[in-house]
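Biologist: I would like to learn how to read a structure, one feature at a time. Please give the general idea, then the case at hand.

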Amino acid sequence: MSATLGLSPASRQGRPFYLAVIAGLACAFVIGKTLPSTMDVISAIIEPLCSNAAAAGSPLDTVEPIGSYALPNVPGKRVTIVRVFYGPGGFTRAHRHAGSVTAYVTKGEIRSQLAGGVVETFKVGQSFFEPPGAVHLVSANASMTEPAELIAVFVADEGAQLTTFVE
């Protein structure tokens, strides 16, 4: 009769799974500890570049920074990504942007009009483009009862104020 020390074959097969679970939990813990400070740094960079909530249409309308990155292959340029949330009936007053902007609708419907153009309504999955300096006369939630949301991607000069309101 022989005795084996250690793990049985069945428990040895489960060892990689348990190690993966432990490694995953350790990674989640590290990310949970560092993510808030990383988001604070990103917010500090982007916040002065974006419009403030007081200048928007209502207190339910917000601009949330997602990321901002220098473009290494285009010196002096930066790509900045924000999420714009409009409450029911929300809007942003007339404005212009320092660089090119591409917007992608992720929730609801957005009404948009550039100076010289017609008012258009964009639905989830649709996008629109704003050339540098174009006056954005209408940027609004098309619904008075449901929220709307879009992701805006700016490509502008490093340090430029991304949004300027038109008086």
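Biologist: In which strand does Glu-130 lie?

Modeller: This is a predicted model, in which local features need pLDDT of at least 70 and side-chain atom pairs count only at pLDDT 80 or more, while totals for chains, interfaces and linings use all residues. Residues are numbered from 1 along each chain as its sequence is written, and side-chain values use heavy atoms, with hydrogens and water left out. Helices (H or I, at least four residues) and strands (E, at least two) are DSSP runs, numbered from the N terminus. Glu-130 lies in strand 8, residues 127-130.

Biologist: Which residues are on the covered face of strand 8, and which on the uncovered one?

Modeller: In a regular strand the side chains alternate between the two faces of the sheet. Here Phe-128 and Glu-130 form the covered face, and Ser-127 and Phe-129 the uncovered one.

Biologist: What is the nearest side chain of opposite charge to Glu-130?

Modeller: Lys and Arg count as positive and Asp and Glu as negative; His and the chain ends are not counted. A salt bridge is a side-chain nitrogen of Lys or Arg within 4 Å of a carboxyl oxygen of Asp or Glu. Buried means under 20% relative accessible area, exposed over 50%, and partly exposed in between, with a 1.4 Å probe and protein chains only. Glu-130 is buried but has no salt bridge, and the nearest side chain of opposite charge, Arg-96, is 9.8 Å away.

Biologist: With which side chain does the side chain of Glu-130 make a polar contact?

Modeller: A polar contact is a pair of N or O atoms within 3.5 Å; within protein, one must be able to donate a hydrogen and the other to accept it, and residues adjacent in sequence count only if both atoms are side-chain atoms. For Glu-130 the partner is the side chain of His-136, at 3.1 Å.

Biologist: How many bridges join strand 5 to strand 8?

Modeller: Two strands pair if DSSP finds at least two bridges between them. Strands 5 and 8 are joined by four bridges and run antiparallel. Thr-102 stands opposite Phe-129 in strand 8.

Biologist: Is Val-101 buried or exposed?

Modeller: Val-101, in strand 5 (residues 100-107), counts as buried because its relative accessibility is 2%. Contact means heavy atoms within 4.5 Å. Beyond four places in sequence, the contacts of Val-101 include Phe-128, Glu-130 and Ala-152.
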